Amino acid sequence: MPFLGQDWRSPGQSWVKTEEGWKRTTADEKNNNVSVKSFCKAEEEEEEECFNKENLLLSLSYDMAAKKRKKDQMNNNTKVPYFHREKWIYVHKGSTKERHGYCTLGEAFNRLDFCSAIKDTRRYNYVVRLLELIAKSQLPSLSGVAQKNYMNILERVVQKVLDDQQNVRPIKELLLTLYVSLCGLVQDMGKSVLVGNINTWLYRMENILQWHQQLDNIHINRPTSTGMILTELPASLQLNIMQRLSDGRDLVSLGQVCPSLGTLAEDRLLWKRLCHYHFTDRQIRRRLMVSDKGHLEWKKMYSKLIRCYPRREEYSDTLHFCTHCHILFWKDTNHPCTANNPESCTMSLSPQDFINLFNF
């Protein structure tokens with residue numbers, strides 16, 4: 001009969017080749033050897049995994065440090081260009097089946113070619129006025145890239161003034177307006193008013209003060225031409241030149257050059273022209289000022305009107321908006337529907353109109 005109980009056989013033996021020859025080993029020794037080898041192998045794998053983790057952490061820390069250095073350099077270096085050269089952009093105020101998203105003031109400020117507009121004498125005053133309006137109230141609405149682009153364009157404007165030695169007063173007023181606005185905005189940094197680190201904005205405010213100091217110390221060189229100067233012209237021509245000035249401050253500055261020009265700068269007709277050029281008849285009637293002799297004090301009226309009402313703005317070249325295809329473009333730039341639509345569908349935008357276009 002076969003044996004029906006537990007297996008009576010031993011676990012058996014195995015032969016292992018060593019340096020001394022073949023030897024028999026039992027199953028227990030084999031299990032011990034296997035366990036030792038597996039333990040050593042697991043220990044080696046664990047050491048290798050720890051080494052790989054250390055290398056990975058080191059590489060990540062190096063990458064993060066490099067990115068941080070690059071980010072700090074980008075934030076502190078205002079000379080990094082973010083200029084675009086698009087001649088026209090599509091302004092869409094809502095999402096449609098054909099087009100999704102919105103066009104904001106910051107996006108328009110980034111994409112339009114304001115870098116070349118600074119170099120163009122026809123567009124220079126337009127861009128400066130736009131920078132001033134943004135500095136007064138619209139700076140928090142710009143994105144981080146647009147705010148950095150704003151500072152880069154402003155730096156180019158200051159450099160242009162230093163090189164050309166012209167338009168010093170408007171840029172000094174722009175820098176002062178921007179600095180006053182930033183002083184109030186930096187105090188509200190915790191309320192997400194400005195994008196970026198507060199130290200970056202403090203650094204930019206220091207740059208604004210330095211630019212203002214450079215403009216204060218600017219030395220305007222006398223022209224080297226040997227032709228006739230303004231004071232050598234006849235009084236009628238001098239008066240004709242003064243009539244072409246559209247800013248009362250320029251007229252006052254010109255009158256401080258010499259006594260003869262000072263006398264001409266007090267001419268009542270000059271100030272009357274300025275009043276009627278900048279203000280409506282209704283505004284003038286509200287601010288009438290009569291002298292003891294019964295004459296209207298046009299110079300004093302102009303000073304009073306300028307504090308109560310905005311001045312008239314005229315620019316050689318402006319941004320235009322096509323109401324048919326919603327394209328925003330410069331005046332001398334063709335946009336897609338120019339050939340197919342009449343000019344009546346385009347309208348000229350003042351700097352304030354440009355900002356109001358995106359207030360929806």
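Here is a friendly conversation about rings, strands and a helix in a predicted model.

In this predicted model local features need pLDDT of at least 70 and side-chain atom pairs count only at pLDDT 80 or more, while totals for chains, interfaces and linings use all residues. Residues are numbered from 1 along each chain as its sequence is written, and side-chain values use heavy atoms, with hydrogens and water left out.

Trainee: How many aromatic pairs does the structure hold?

Mentor: Let's begin with the rule. Rings of Phe, Tyr and Trp (its six-membered ring) pair if their centres lie within 6.5 Å; planes under 30 degrees apart are stacked, over 60 edge-to-face, and the rest tilted. Under that rule, the number of aromatic pairs in the structure is seven.

Trainee: What kind of pair do Phe-114 and Phe-354 make?

Mentor: Look at the distance and then the angle. The ring centres are 6.4 Å apart and the planes stand at 75°, so the pair is edge-to-face.

Trainee: Which parts does the pair of Phe-114 and Phe-354 tie together, and how many residues apart are they in sequence?

Mentor: Helices (H or I, at least four residues) and strands (E, at least two) are DSSP runs, numbered from the N terminus. Phe-114 belongs to helix α3 (residues 114-119) and Phe-354 to helix α14 (residues 351-356), so the pair ties together parts whose separation in sequence is 240 residues.

Trainee: Are Tyr-126 and Trp-330 buried or exposed?

Mentor: Buried means under 20% relative accessible area, exposed over 50%, and partly exposed in between (1.4 Å probe, protein chains only). Tyr-126 has a relative accessible area of 0%, and Trp-330 has 1%. Tyr-126 is therefore buried, and Trp-330 is also buried.

Trainee: In what order do the four strands of the open sheet lie?

Mentor: Two strands pair if DSSP finds at least two bridges between them. Here the pairing is antiparallel, and the edge strands, β3 (88-90) and β6 (346-349), each pair on one side only. The order is β3-β5-β4-β6.

Trainee: How many bridges join β4 to β5?

Mentor: Strand β4 (residues 319-322) and β5 run antiparallel. Within β5, Trp-330 stands opposite Leu-319, and Ile-327 is the bridge partner of Cys-322. The number of bridges joining β4 to β5 is four.

Trainee: Which residue in the turn between β4 and β5 has a positive phi?

Mentor: β4 and β5 form a hairpin, with four residues between them. The turn residue with a positive phi, about 60°, is His-326.

Trainee: Which buried residues cover the two faces of β5?

Mentor: In a regular strand, side chains alternate between the two faces of the sheet. On one side of β5 are Ile-327 and Phe-329, and on the other are Leu-328 and Trp-330.

Trainee: How far apart are the end C-alpha atoms of helix α5?

Mentor: The expected span of a helix is 1.5 Å times one less than its number of residues. Helix α5 (residues 144-164) has 21 residues, so it should span 30 Å. The model agrees with that, because the end C-alpha atoms are apart by 31 Å.

Trainee: Which residue just after α5 takes a positive phi?

Mentor: Step just past the end of α5 and look for a phi of about 60°. The residue there is Gln-165.
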